[in-house]
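Hi,

Here is the structure I promised to pass on.

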Amino acid sequence: MPTRKLLLYFLKCEIEKPIIYQLVKDYNLMINIFRAKVTPEEEGYLVLDVTGTDEDIQKGLEYVK
C-alpha cells in the first residue's frame, strides 16, 4: 500500500475537531504520527505518514483541505 508523508497545520478553530480519528474511521487510513504540537487556544501542526489505497488517501486529503 502507498504511503504519503503529510504536514498538517491547524488553525485555532480546528484544534478541537477529531481529524485523525476521521481519517482512520471514515477513510480507512493508517496513521503514523512523527511529530505534533497541538495546544488548545493556539495553532498546531502534525507531521505524519498516511498509508492506504491511492483512492482513500486522495479522499482523506480532500477532507483535510
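Starting with the surface: the protein chain has an accessible area of about 4700 Å², and carbon and sulfur atoms account for 52% of that. Keep in mind that this is a predicted model. As for what is tucked away, 31% of the 65 residues count as buried.

On charges, there are 9 positive side chains against 11 negative ones, and the centres of the two sets sit 3 Å apart.

Now the fold. The protein chain has two helices and three strands, and from the N terminus on the order is β-α-β-β-α. The radius of gyration is 12 Å, close to the 11 Å that the globule rule gives for 65 residues, so the chain is as compact as a globular protein of that length.

How much of the contact count comes from residues 24 or more positions apart? Taking contacts with a separation of 6 or more, such pairs make up 63%.

The part I'd zoom in on is the β2/β3 pairing. Strand β2 covers residues 30-37 and strand β3 covers residues 44-51; the two run antiparallel and are joined by seven bridges. Within that pairing, A36 is found opposite L46 of β3. The hairpin has six residues between the strands, and E41 has a positive phi there, near 70°.

That's what I have for now.

Cheers

Key: Residues are numbered from 1 along each chain as its sequence is written. This is a predicted model: local features need pLDDT of at least 70, side-chain atom pairs count only at pLDDT 80 or more; totals for chains, interfaces and linings use all residues. Side-chain values use heavy atoms; hydrogens and water are left out. Helices (H or I, at least four residues) and strands (E, at least two) are DSSP runs, numbered from the N terminus. The radius of gyration is taken over C-alpha atoms; the globule rule is 2.2 Å times the number of residues to the power 0.38. Buried means under 20% relative accessible area, exposed over 50%, partly exposed in between (1.4 Å probe, protein chains only). Contact means heavy atoms within 4.5 Å. Accessible areas come from the Shrake-Rupley method with a 1.4 Å probe; for residues, only the protein chains shown count as cover. Lys and Arg count as positive and Asp and Glu as negative; His and the chain ends are not counted. The place of a charge is taken as NZ of Lys, CZ of Arg, CG of Asp or CD of Glu. Two strands pair if DSSP finds at least two bridges between them.
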